[in-house]
Amino acid sequence: MATAASTAAPFPFPSTYNFPPFFTPQPNNTTRHSQLQKWSSLIQAWCRHHRTYRLSLVDAVDTPLFHNAVLRKRLDLGEARAIVDWMTKSEEQGGGGQRAEWIVGAAAGGNAAPNSVAWIWWRRPEEWADVLTDWIDATGQRGVVLTVFELVQGEATVSQEFHGMDVEVMMKTLNVLVKRGKAQVFGNDGGEGVKFF
Amino acid sequence: MGNSSSSQKISAQDRAILDLKNQRDKIYQYQKRITVLTDRETAIAKECLARNDRRRALLALRRKKYQESLLSKTDSQLAQLEQLTGQVEFALVQKDVLFGLQQGTQVLQAINKEMGGIEGVDRLMEETAEARAYQEEVSQMLEGHLSTQDEEDVEDELEALRQEVAGPVDLPAVPHTVPQSPLPAHPDEVQEPAQEQTEAKAKTKARTPVLAA
């Protein structure tokens, strides 16, 4: 589930992608900061375009995202890790506003090395929660019981942005809604349902 | 907003609906699996034909046929499940409607009770009619009283009023008698007789209202 089937339209890379120094860590602090920001938005846009929620860096370094075949430039794993690490930190910590989150333990997929798989939050669960609430309101489904599978894979949500979403991201989103008191998740493992209020 | 407080909002019906929907999801997934299988069988059949292996190709196509029959069976099951879910959800809506009707009826009944029931309204209406009849009687009695006793006085008052109204109309004739004199030296003297007349009228007028009342 690393990358959903890539969409027909090619991903429009920003102009900085064709700028060789973009692939080398910049020594100057200000330049470095702007470089990190550009990488962060590039990664988010890429993941959004390909509907990717969890990014495995080992796999990603060989994709066009980190590997510019035309320039014959690539971002090595360590640098990719540094960028994602920067993305995980909040802006107060001098980071990229928590636009990524390392996946630890079994969720990362077996015995993967730490800091190798990360959620890329091109929409944070809180933001997804708003999208979901809007959809529920627009379709008059308050008080209706829906299965999580239905939300992610159902025919009713095909036109929605959250269709085909990673189930774990959906669960995180639903948990945000539960905390807000707008939904209740129930049912046993694998057959979770949700009721919206 | 813990689990304990909000889990009460999940009723047994909700759980039943979830179970139904989970079954439906499972059938969906099963259908997906079968579709993948049938696609693979077609591919196998094509491959076998290319290798001129007619027997295996037939076998693959038979398997595909069988899987397709399974698919159509699950389709009808899916329809049944969806129908049932729809019915359950509709029944819940009906329950809500019924509840609303019940509430409305209760309120209506309470209001009716406050009004004292049909007998109360009847009694009230009767009392109102009685009171009105009584009032009518009184006013009729008063009317009759007046018409017999004070008919003459009323007639007199009418005459007095008529004179009062007609009086000023007669007045303009008076100035015509003294057109030669340059200006009325004592206007008071000319008006005095008229004043006396009105005073006399006022006296009769003052008497009549007392009687009328």
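Predicted model: local features only at pLDDT ≥ 70, side-chain atom pairs only at ≥ 80, totals over all residues.
**Figure 1. Overall make-up of chain A.** Chain A contains 6 helices and 8 strands. Read from the N terminus, its elements follow the order α-β-α-β-β-α-β-β-α-β-α-α-β-β. Of the 197 residues in chain A, 27% are buried. Where contacts in chain A link residues at least 6 apart in sequence, 54% of them join residues at least 24 apart.

**Figure 2. Overall make-up of chain B.** Chain B has 6 helices and 0 strands, and its elements run α-α-α-α-α-α from the N terminus on. Buried residues amount to 4% of the 213 residues in chain B. Among the contacts in chain B with a separation of 6 or more, 75% come from residues 24 or more positions apart.

**Figure 3. Helix α3 of chain B.** Because the number of buried residues among the 61 of α3(B) is 1, the helix lies largely in the open. A residue counts as buried here if 20 or more other C-beta atoms lie within 10 Å of its own. After α3(B) comes Gly116(B), which has a positive phi near 85°.

**Figure 4. Helix α2 of chain B and its buried residues.** Helix α2(B) spans residues 12-50 of the chain. Its 39 residues should span 57 Å at 1.5 Å a residue, and this agrees with the 57 Å between its end C-alpha atoms. Buried positions in α2(B) are Ile17(B), Leu18(B), Lys21(B), Asn22(B), Arg24(B), Glu41(B) and Ala45(B). The cover over the buried residues of α2(B) includes elements of both chains: from chain A, β6 (145-147), α5 (148-153), β7 (183-186) and β8 (193-196), and from chain B, α3.

**Figure 5. Packing of α2 against α3 in chain B.** The axes of α2(B) and α3(B) approach within 8 Å and cross at roughly 165°. At this angle α2(B) is therefore roughly antiparallel to α3(B), the term applying to angles over 145 degrees. The crossing of the two helices, α2(B) and α3(B), is left-handed. Sorted by class, the residues in the contact of α2(B) with α3(B) are 21 nonpolar, 9 polar and 9 charged.

**Figure 6. The loop residue Asn52 of chain B.** Asn52(B) lies in the loop between α2 and α3 of chain B. Just after α2(B), this residue adopts a positive phi of about 65°, although Asn52(B) is not a glycine. Asn52(B) counts as exposed because it has 7 C-beta neighbours inside 10 Å, and the limit for that class is 12 or fewer.

**Figure 7. Contact between chains A and B.** Chain B contributes 12 residues to the contact and chain A contributes 13 residues. On the side of chain B that touches chain A, the largest share, 7 residues, is supplied by α2(B). By class, this side of chain B consists of 4 nonpolar, 3 polar and 5 charged residues.

**Figure 8. Packing of α1 against α3 in chain A.** Helix α1(A), residues 29-49, packs with α3(A) at an angle of about 85°, and the two axes are 10 Å apart. The helices α1(A) and α3(A) are therefore roughly perpendicular to each other, as angles of 65 to 115 degrees fall in that class. From α1(A), the contact involves Leu36(A), Trp39(A) and Ser40(A); from α3(A), it involves Ile83(A), Trp86(A) and Met87(A). The class counts for the contact of α1(A) with α3(A) are 5 nonpolar, 1 polar and no charged residues.

**Figure 9. The loop residue Gln98 of chain A.** Gln98(A) is placed in the loop that runs between α3 (77-88) and β4 (100-102) of chain A. Although Gln98(A) is not a glycine, its phi is positive, at about 50°. Gln98(A) has 14 C-beta neighbours inside 10 Å and so counts as partly exposed.

Key
Residues numbered from 1 in each chain as written. Chains lettered and ligands numbered in written order. Helix = DSSP H or I, 4+ residues; strand = E, 2+ residues; numbered from the N terminus. Axes fitted to C-alpha atoms, helices over the stretch in contact; angles between N-to-C directions. Parallel < 35°, antiparallel > 145°, perpendicular 65-115°, else oblique. Left-handed = near helix turned anticlockwise from the far one by under 90°. Nonpolar A, V, L, I, M, F, W, Y, C, P; charged D, E, K, R; others polar. Contact = placed C-beta atoms within 7 Å. Expected span 1.5 Å × (residues − 1).
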